[in-house]
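Subject: Structure for you to look over

Hello,

Here is the structure I promised to pass on. Please open it alongside these notes.

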Amino acid sequence: MDFSWNDQQRELHDQVLRFAQGRLQAALGMHESGLDRRAWGLLGEFGLTGLCAPLESGGMGFDAQTTACAIEALGRGCPDAGVFFALSAHLFAALRPIVAFGGEALQEATLAKLSRGAWIGANAISEAGAGSDVFALKTRAERRGDRYVLHGTKSYVTNGPSADLFVVYAVTEPKHGYLGLSAFAVPRDTRGLVIGAPFEKMGLKSAATGSLYLEACEVPIPMRIGDEGAGAKIFKHSMLWERSCLFAGYVGQMARQLDRSVAYAREREQFGGPIARHQAISHRLADMKLRLESARLLLYRACYALDVGARDVELHVAMAKLGISEAAIQTNLDAIQIHGGAGYLREVGVEQGLRDAMPATIFSGTSEVQRNTIAKWLGL
């Protein structure tokens, strides 16, 4: 199999990389809080907020492999991983469910705004007692005439404090288990929707995260995504995209940290010469390169499986998510070690990579969940 980029994908990667290193970087530098509406507007203007949305909705119409190519470039060109994290939450957890399952009226009302970046999308599924176990949700949606009434509290809603549209998962029939979960598109100004303040986090600063409170929140039936009871299927679809394409950003981040560490090892002198001459350093850099290329192969193999609808797509996505997330943490630890004391200083910026990578083994399904999936495919 050939997972190398074609000419279009290579050109896209280079264009996004230049954009991230130039216009986007300058916009982010103006605000300590990171991603604001102006920066988000630049993402939309460049077309990144509609990468995997249909052309007729104002999107780019890209498949998973091409979308991942763009996200990788964004992760490589922008030191703040919160940017590709916020964009990925918008694309894969909010926009994709509506693209794949939304009714015509819902798509007409939302997709164009999401695709061009006029709206920011967010996903609301996690709760205080329901993280990896999504079937432990307490949020309820009761059908009353021509609408549903939602009650519950959501935690860890990425983009929540600034989002315009929320994809909310709620239980419509507790007795039906897998078929008892439904998904809804809920605009920010919906009565009964209360948005919590942003959490203080160790990393991913420009991806604002907070809680969402649903207090007799009334949602018209046309704003339901797919059929009643299709929520688990919809969430599975969004996670396949997120667990593959989002982690392309970490592949880009790993490439940036490797480039930076190689350059530092060549110029930093100790014991009469550059530290790159010492095997303790050169071997660490070799391991970083090995992890990077392994992660890249896992990533694009998973995206290929997603694009062709492979029977074992869940296996390849789980391996990619697990491999990339754990490789990203180790690569950032290595980058700090190579930079020595300078790597520990916030003003140098190397340590930010580790803070941004640490949650990668937790969100979108923990490493333990991915290992369970892989073990299942092994017949265990």
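Buried means under 20% relative accessible area, exposed means over 50%, and partly exposed is in between. By that scale Arg-284 is partly exposed, because its relative accessible area is 28%. Note that this is a predicted model.

Confidence first. The protein chain averages a pLDDT of 94, and 98% of the residues score at least 70.

Now the salt bridges. The count comes to 16.

- Asp-334 and Arg-284 meet at 2.8 Å, N to O. The pair links helix H9 to helix H8 (residues 279-308), 50 residues apart. Asp-334 is buried, at 4%.
- Lys-236 and Glu-314 meet at 3.0 Å, N to O. Lys-236 lies in helix H6 and Glu-314 in helix H9, so the pair ties together parts 78 residues apart in sequence.
- Arg-147 and Glu-218 meet at 3.7 Å, N to O. They sit in strands S3 and S7, 71 residues apart.

There is also a salt-bridge network of Glu-72, Lys-289, Glu-293 and Arg-296.

Next, helix H4 (residues 82-101). It reaches 27 Å from first C-alpha to last, close to the 28 Å expected. A kink of about 40° lies at Leu-95, shortly before Pro-97.

Last, Val-134. It is in the loop between strands S1 and S2. Val-134 counts as buried, at 13% relative accessibility. It touches Ile-125 and Phe-235, leaving aside residues up to four places away in sequence.

Best wishes

Conventions. Residues numbered from 1 in each chain as written. Predicted model: local features only at pLDDT ≥ 70, side-chain atom pairs only at ≥ 80, totals over all residues. Heavy atoms only, no water. pLDDT = per-residue confidence, 0-100. Helix = DSSP H or I, 4+ residues; strand = E, 2+ residues; numbered from the N terminus. Buried < 20%, exposed > 50% of the residue type's maximum accessible area, 1.4 Å probe, protein only. Contact = heavy atoms within 4.5 Å. Expected span 1.5 Å × (residues − 1). Bend = angle between axes of the 7 residues up to and from the residue. Salt bridge = Lys/Arg side-chain N within 4 Å of Asp/Glu carboxyl O.
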